[in-house]
Amino acid sequence: MIIKQVYLSGIPLERASSTAGLSGATVMPVPGVSQSKQYKGTVGKIMREIVKVPAPILHTISQPIKDIDELVREVAEEMLLLLGGVSRIPCLGLAAVQLGEPIRLIAVMWNMYSRDYRTPVIIVNPEIIKCSEKMVESREGCLSIGKGDSIYTVKRYKQVKVKGLDISGKTVVYKERGLPGYAFQHEIDHLDGKLICD
Ligand SMILES: [Zn+2]
């Protein structure tokens with residue numbers, strides 16, 4: 001297990017009900033993110049590594065989350081740090097199982113209010129409740145496959161409506177098309193043990 005210290009910044013932690021697990025220290029501003037969106041908080045830690053194929057856990061079905069407890073908040077925080085922190089890995093989303101935790105938790109780089117791809121959102125127990133009939137081809141990579149730069153063509157619904165809970169347990173609904181819509185489908189597939197290379 002690698003413990004890597006990163007600077008937490010530009011992350012909408014107002015969605016989190018707790019900042020437990022964060023240890024106070026300097027925060028670096030993220031370039032290109034407006035002052036009002038910079039996270040004015042503390043430094044967090046990323047303790048988990050991205051799980052890669054052929055790890056069998058990537059083909060397991062992730063379990064529904066009954067309580068948004070300390071573990072869920074900790075994994076959510078790490079996902080936000082990976083996506084939105086200074087490390088800012090080049091991907092649009094992550095599923096908890098990719099950090100070795102087979103629970104139904106995803107993060108997607110999308111904020112329906114700000115229309116800012118740099119703002120990741122967390123969804124607990126996400127479900128597709130409605131989808132377009134039309135399917136389109138999407139070219140996608142995955143951090144769990146090699147370095148994430150192998151591109152696969154997959155069929156996706158053009159538009160999806162996804163329902164779940166935010167980290168405070170409040171119901172959230174996202175209706176998205178195009179890239180964020182594909183990202184939701186990609187991450188929910190991870191929760192069902194499906195990979196783009198299958
Ligand atoms: Zn993936």
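In which strand is the place of isoleucine 128? Isoleucine 128 sits in strand β5. This is a predicted model, in which local features need pLDDT of at least 70, side-chain atom pairs count only at pLDDT 80 or more, and totals for chains, interfaces and linings use all residues. Residues are numbered from 1 along each chain as its sequence is written. The chain has two helices and nine strands. Helices (H or I, at least four residues) and strands (E, at least two) are DSSP runs, numbered from the N terminus.

**Overall layout**

- Along the sequence, the elements follow the pattern β-β-α-β-β-β-β-β-β-β-α.
- Of the 198 residues in the chain, 37% are buried. A residue is buried if 20 or more other C-beta atoms lie within 10 Å of its own, exposed if 12 or fewer, and partly exposed in between; C-beta atoms are placed from the backbone.
- Among contacts between residues at least 6 apart in sequence, 65% join residues at least 24 apart. Two residues are in contact if their C-beta atoms, placed from the backbone, lie within 7 Å.

**Confidence**

- Mean pLDDT for the chain is 76, and 68% of its residues reach 70 or more. pLDDT is the predictor's confidence in each residue, from 0 to 100.
- Confidence is lowest in strand β1 (residues 4-6), with a mean of 30, and highest in β8, at 96.
- Over residues 1-31, pLDDT stays under 50; the model has 84 contacts beyond four places in sequence for this stretch.
- Residues 39-43 also stay under 50, with 26 contacts beyond four places in sequence.

**The five-stranded sheet**

- Five strands form an open sheet in the order β3-β4-β5-β8-β9, with antiparallel pairing. Its edge strands are β3 (93-95) and β9 (171-177), each pairing on one side only. Neighbouring strands of this sheet are turned by 40 degrees against each other on average, direction ignored.
- Two strands pair if DSSP finds at least two bridges between them.
- β4 (residues 105-109) and β5 (residues 120-131) pair antiparallel over five bridges. Here isoleucine 106 has isoleucine 123 of β5 as its bridge partner.
- β5 and β8 (residues 159-165) run antiparallel and are joined by five bridges. In this pairing cysteine 131 has valine 160 of β8 as its bridge partner.
- β8 and β9 run antiparallel and are joined by seven bridges. Glycine 164 stands opposite valine 172 in β9.
- Strands of a sheet pair through backbone hydrogen bonds, either parallel or antiparallel.

**Helix α2**

- α2 is mostly covered, with 11 of its 14 residues buried. Among them are Tyr182, Phe184, Ile188 and Leu191.
- α2 lies across β3, β4, β5, β8 and β9, and runs at about 160 degrees to β4. Axes are lines fitted to C-alpha atoms, for helices over the stretch in contact, and angles run from 0 to 180 degrees between N-to-C directions.
- Just after α2, glycine 193 takes a positive phi of about 75 degrees.

**Nonpolar core**

- The largest nonpolar core has 36 residues, and Met79, Ile106 and Ala107 have the most contacts inside it. The elements giving two or more residues to this core are α1 (70-84), β3, β4, β5, β8 and α2. α1 gives the largest share, eight residues.
- A nonpolar core is a set of buried Ala, Val, Leu, Ile, Met, Phe, Trp, Tyr and Cys residues joined through C-beta atoms within 7 Å.
- Beyond four places in sequence, isoleucine 106 touches Gly93, Leu94, Ala95, Ile123, Pro126, Glu187, Ile188 and Leu191.

- Isoleucine 128 is partly exposed, with 14 other C-beta atoms within 10 Å. Not counting residues up to four places away in sequence, isoleucine 128 touches Val160, Val162 and Ile188.
- Isoleucine 128 and lysine 161 are 33 residues apart along the chain, with C-alpha atoms separated by 5.7 Å.
- Valine 136 lies in strand β6 (residues 135-140). Valine 136 counts as partly exposed, with 15 C-beta neighbours inside 10 Å.
- Beyond four places in sequence, valine 136 is in contact with Arg156 and Lys158. The C-alpha atoms of valine 136 and lysine 158 are separated by 5.8 Å, at 22 residues apart along the chain.
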